[in-house]
Amino acid sequence: MPLQVRSVPADAPEVDALLDAYLDEREATFPSAQGSYSRKRTPAAEFVPPNGTFVVAYDDGPVGCGGLRRIADDGDDVRFEVKHVYVTPVGRGKGVATAVMDALEDAARGFGATSVVLDTNDSLVAAGAMYRGRGYERVAPFNENPNATAWYRRPVG
């Protein structure tokens, strides 16, 4: 079965399983010099159109996910934030993250976004490289995520 990315309710069982795996992995690999990892899920209600969406990538089962939610505008900049992008170990290196990001950015444009923002941790080297490769540029922090060390923005409008 070819890779498929579909919008699903953010409280669907496969989302719970993927987000549990994501949070477990981040907690286990979080840089100890940065303190303790703060396990926090964005409420499912924030991923409901037209203010957001949640997608799952399937390839003989769920192999990745990501969410998109509307956040406060920055002047005339209509911003949507990417949250919880995760690819299972079996799905890595197969274009899953790219497919998830494509779906989220397309959804953001459809919702009227002028930019997509996200935060990450510099210890996630592959993620940072992927975001920069997609045209995201580092910006000043736009939230108070205790797990983040890098904030990014990309125009999409």
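Biologist: What should the 15 residues of helix 2 span at 1.5 Å a residue, and how far apart are the end C-alpha atoms?
Modeller: Helix 2 should span 21 Å, and its end C-alpha atoms are 21 Å apart, so the two agree. The expected span is 1.5 Å times one less than the number of residues. Helices here are DSSP runs of H or I with at least four residues, strands are E runs of at least two, and both are numbered from the N terminus.

Biologist: Before I go on, what am I looking at?
Modeller: This is a predicted model, where local features need pLDDT of at least 70, side-chain atom pairs count only at pLDDT 80 or more, and totals for chains, interfaces and linings use all residues. Residues are numbered from 1 along each chain as its sequence is written, and side-chain values use heavy atoms, with hydrogens and water left out.

Biologist: Back to helix 2. Which of its residues are buried?
Modeller: Val96, Ala97, Ala99, Val100, Met101, Leu104, Glu105, Ala107 and Ala108. Buried means under 20% relative accessible area, exposed is over 50%, and partly exposed is in between, with a 1.4 Å probe and protein chains only.

Biologist: What follows helix 2?
Modeller: Gly112, which has a positive phi near 95 degrees.

Biologist: OK, helix 1. Which residues are buried there?
Modeller: Val15, Leu18, Leu19, Tyr22, Leu23 and Arg26. They sit on the same side of helix 1, because they cover an arc of only 130 degrees around the axis. That arc is taken from the directions from the helix axis to the C-beta atoms.

Biologist: Which residues of helix 3 are buried?
Modeller: Gly128, Met130 and Tyr131. Their arc around the axis is only 160 degrees, which puts them on the same side of helix 3. Val125, Ala126 and Gly133 are exposed on the other side. Strand 4, helix 2, strand 5 and strand 7 (150-155) are among what covers the buried ones. Just after helix 3, Gly135 takes a positive phi of about 100 degrees.

Biologist: Which residues other than glycine have a positive phi near 55 degrees?
Modeller: Asp60 is one of them, and His84 is another. Asp60 is in the loop between strand 2 and strand 3 (62-70), while His84 lies in strand 4 (residues 79-87).

Biologist: Is each of those buried or exposed?
Modeller: Asp60 counts as exposed because its relative accessibility is 65%. His84 counts as buried, at 7%.

Biologist: Switching to peptide bonds, where is the cis one?
Modeller: It joins Pro49 and Pro50, with omega about 5 degrees. Pro50 is in the loop between helix 1 (13-29) and strand 2 (52-58).

Biologist: What does Thr42 touch?
Modeller: Leaving out residues up to four places away in sequence, Thr42 touches Phe47, Arg69, Lys83 and His84. Contact means heavy atoms within 4.5 Å. Thr42 is also in the loop between helix 1 and strand 2, and it counts as buried at 12% relative accessibility.

Biologist: How much space lies in the largest pocket?
Modeller: About 950 Å³. Of its 44 lining residues, the closest to the centre are Tyr22, His84, Val85, Thr120 and Leu124. A pocket is an open set of points on a 1 Å grid over the protein atoms alone, where a 1.4 Å probe fits and protein lies on both sides within 12 Å along at least five of seven lines; lining residues have an atom within 4 Å of a point. Points are joined across faces, edges and corners, and the volume is the space filled by probe spheres set on them.

Biologist: Which element gives the largest share of that lining?
Modeller: Strand 4, with seven residues.
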